[in-house]
Each structure stands twice: as structure tokens, then as C-alpha cells.
Amino acid sequence: MRKIKLIVMAVICGILSLGPSLPSRAMQGEEPDLVYMVNAEEEIIITGGKSAERELCIPSMLDGYPVVGIAEGVFRGRADIEKVVIQSGVRYIGEYAFAGCMGLREIKLEEGMQYIADNAFYEDASLMEVVLPESIVYVGENAFGNCKALARIEYSQRTHIDKYAFEGSLWQEERDGGKFRIRGSCLVEGRGNEGPIIEIPYGITEIEDCNWRGLAVVDQYYDGSYEQIILPETMVKLGLNCFQKVDVKTIEIPDGVREIPRNAFEHAALEKVELPGELKIIRQGAFYDCTELKTIIIPDSVEIIEEQAFGICIGLSEIIIPDSVSEIGDEAFTDCSNLHDVSFGEGVREVWASLFNYCGNLERVQFPENLEILNGLMWCSGLRRIYIPGKTVEIHDDIFEAYPRWGGSITVYGQKGSRAQEVAEASGMEFVEVESGDEMP
């Protein structure tokens, strides 16, 4: 986690042009309430303040220069400050900048703020509410740590919040008293449920990577299968193995999620899944061995389906692969024994012949016209007809070697003189010349 944090900080610091130190040509300045430094980019960094006024305002401009940030520790321990207003355009707040301001009750952060560093408002015991603007991309460790009165927090789903950003706050403590253990905006652990619906709290943006047992949301509190898991609309990231083996019938993945991670629902008793319209990747084993899953609609935003993503989903009878999918991994639908109808979009360029291994009810496969590479061997005992387009120039010589041993045969449809004809005839399979797959019965 520390490595990820350092990477995020480095990227954001690059955006904000912080650099390792202030440039050599920086110059100092002073307003009635503020002390500042102008850096080489002619931007102001606040380095101190002398006012005893209760309200402190950090303006967007000073002396004709834009104010971009507040340096480390500059207002630390100031008991006189009760309200802080940071105007639009100020992009970052440094470490411990307002830490220990015991009288600070209110902060107003306007749009443009992007980065709140570690411990920025640490131990501000009177602070009760924080509303982070949409522009915020990172909130650091203990940024609002030990803010004992802090009970209400609002933030965008795009915000990366350190797990321990709100550690010791009233908001954090109240969450820990519920059914879930939460750090920052990350769901770390579930603690069971007493009813048939599991509702994960609003404000959670991600679920931590889990061990092979998955998220502990199911235990002895409820005797039976859960009807539904409700994920909040703030969710953007699921963790590895996060719902592995969960006995739940339905789940709807929020629109912000772009990737279903590895083994996320492996062995889950799912009957129905609604995938988000902007989903890009379905990772390895994401729905592996979901034997109760009867329907899956792959949205036309998906680009990659990795190996064994839907392996042993024996309830699936039909798969429609949209045009957006360009890559499908080995055995992505292996052992889907009731699968009998597959439709490919035109985006697929390369697939594995073992894509449908052991799908005994699948009798017909029509690969798209743009297919170029057909890797590996085919072990689909029920398959009787297959269309391989003329553009498929790379096909394994022994692709059909298993069929004579099973006492079966395949009729291969394709263009005259194609690689498909060459392989079919070399394997002893019947070849039928057609112009397109639409002519295959």
C-alpha cells in the first residue's frame, strides 16, 4: 500500500509542479494576513500568516500572482483560527498545514483544490463537517485524523482517499460500529448481516483486495441465501476475490466500475449480474464456477475478456460478444455445458480454439470475418459445424486432432484456398466452401 501511495503522490505532485524544493529564484512577499513565496513559475505558495482574525481566507490571487498551494505546517497549532476559506485555483494543502488548530470549526474548499497531504488537518478537534469539491483527486493519510467531532464527510467517487485519511474521527468510529469495517473510502471487511439484503454504505469507492475466502459479508447471522448485494453509486473499484463464494442471487455493478477483477465472484451462487455500461475488462476467473448464473449481458464497452472468466458457468445457454471486444482469453467459457448459442462481434482478431472446451451442447460456432489468429486445440465434443473466415491466416495444424479419438467430426466452412481449408483437409474434416459465415446452416 505504501508503494501505491508514493506513486499516487508522485503523479499528483508532478501535476501540481511542487518539485523537490522551491526554485532558487523564488522571492518572498507579505500581505497584512499572509506570508508567501513566489516560485520560478510565478506562482504563490503560502508560507505563513500573522493575523489573529477568526476567519482565514486563502485567496486565488495575491499581488497579481496565482496562489497554488499552502506549504507544510504553516498554520499548525493556531488556536485562533475558527474558519478557513480556500478559494478556487489553490491546488494543494501541505502536510500539517492546519494540524492542531483546536478552534477550527469550519473549512470551505472551493473547486480547483486537488491534493490534501498527510496530516493536513490532523487533530482539529472542533471540525464537524468536510465537503470536498469534485476537483479533489487525493486525500492523504491522517489528513483528517483524530478530528474527534468530524461526523459528516462528502466527496466525489473519483477521489483517491487513503485508508487512514479519517482515522480517529467520529465519522470513522461510527462506521466501525456497524456491519462493515471501513478505512477512508475503502471497505476492508464485512461483518455479516441479519437479513436477506446486504447494502454496502454510500461513500465507499473501493473494496480492498481479499484473500481466497472473499469478503466476510456472509456468516451465521442469517440462515439462508442472500437475495441481493447493493453496491453504492460511489463505487469505482472492486477488489480481487472480493465476493468469492458469496451465496447471493443478484448484484448490480455501479456505473463507475471499469474492471471486474480476478476471481471477484468465483464460486459465488449468483443467478443474475448487471454489468455497468462503461465496463472495459473482465479479468481472469471473474465469474468462474458461478454455476447458478443463467444470464449475462456483456456491455458493448467491454474490450477484454480474460482466460476462464466464465468457466464452469453451467447455467449459461447463450453468449453475445459485442463488437467492442478485441481479445478473449483461453478457456474463457470452458465447461459451460449448457451453452448452445454463441454470437461474435466483429472486433475480435484473435481467440483460442479452446475457448469453448467441454461445452458439450454447443454444436455451431461462427467466428467473425475479421478473425486473424485461432490459437491452440479444440476440445468441444458436441461441435459439428464451424465457420473460419479466410482472413484467419494462423491456425494450429492439429486444431481438430481430438475429434477422431472421440469418434466425432466437424464440418468446416470457409473460403476456397484459405488456411481453414488446408487445415480441415489435413485433419480429415469435411470442408464446405462459402463466401461468409451467414451461409453456414
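Which residues are linked with Arg 152 in a network of salt bridges? Glu 129 and Glu 154 are linked with Arg 152 in this network, a salt bridge being a side-chain nitrogen of Lys or Arg within 4 Å of a carboxyl oxygen of Asp or Glu.

The model is predicted, so that local features need pLDDT of at least 70 and side-chain atom pairs count only at pLDDT 80 or more, while totals for chains, interfaces and linings use all residues. Residues are numbered from 1 along each chain as its sequence is written, and side-chain values use heavy atoms, with hydrogens and water left out.

**View 1. The salt bridge of Glu 43 and Arg 91.** The side chains of Glu 43 and Arg 91 meet at 3.8 Å, N to O. The pair links distant parts of the chain, 48 residues apart, with Glu 43 in the loop between strand 2 (34–38) and strand 3 (44–49) and Arg 91 in the loop between strand 7 (83–86) and strand 8 (92–93); strands are DSSP runs (E, at least two residues), numbered from the N terminus. Glu 43 is buried at a relative accessible area of 14%, and Arg 91 is buried at 17%, where buried means under 20% relative accessible area, exposed over 50%, and partly exposed in between (1.4 Å probe, protein chains only).

**View 2. The salt bridge of Glu 306 and Arg 283.** The closest N and O atoms of Glu 306 and Arg 283 are 2.5 Å apart. Glu 306 counts as buried at 18% relative accessibility, whereas Arg 283, at 23%, counts as partly exposed.

**View 3. The salt bridge of Glu 106 and Lys 83.** The closest N and O atoms of this pair are 3.8 Å apart. Glu 106 lies in strand 9 (residues 106–109) and Lys 83 in strand 7, 23 residues apart.

Conventions: Helix = DSSP H or I, 4+ residues; strand = E, 2+ residues; numbered from the N terminus.
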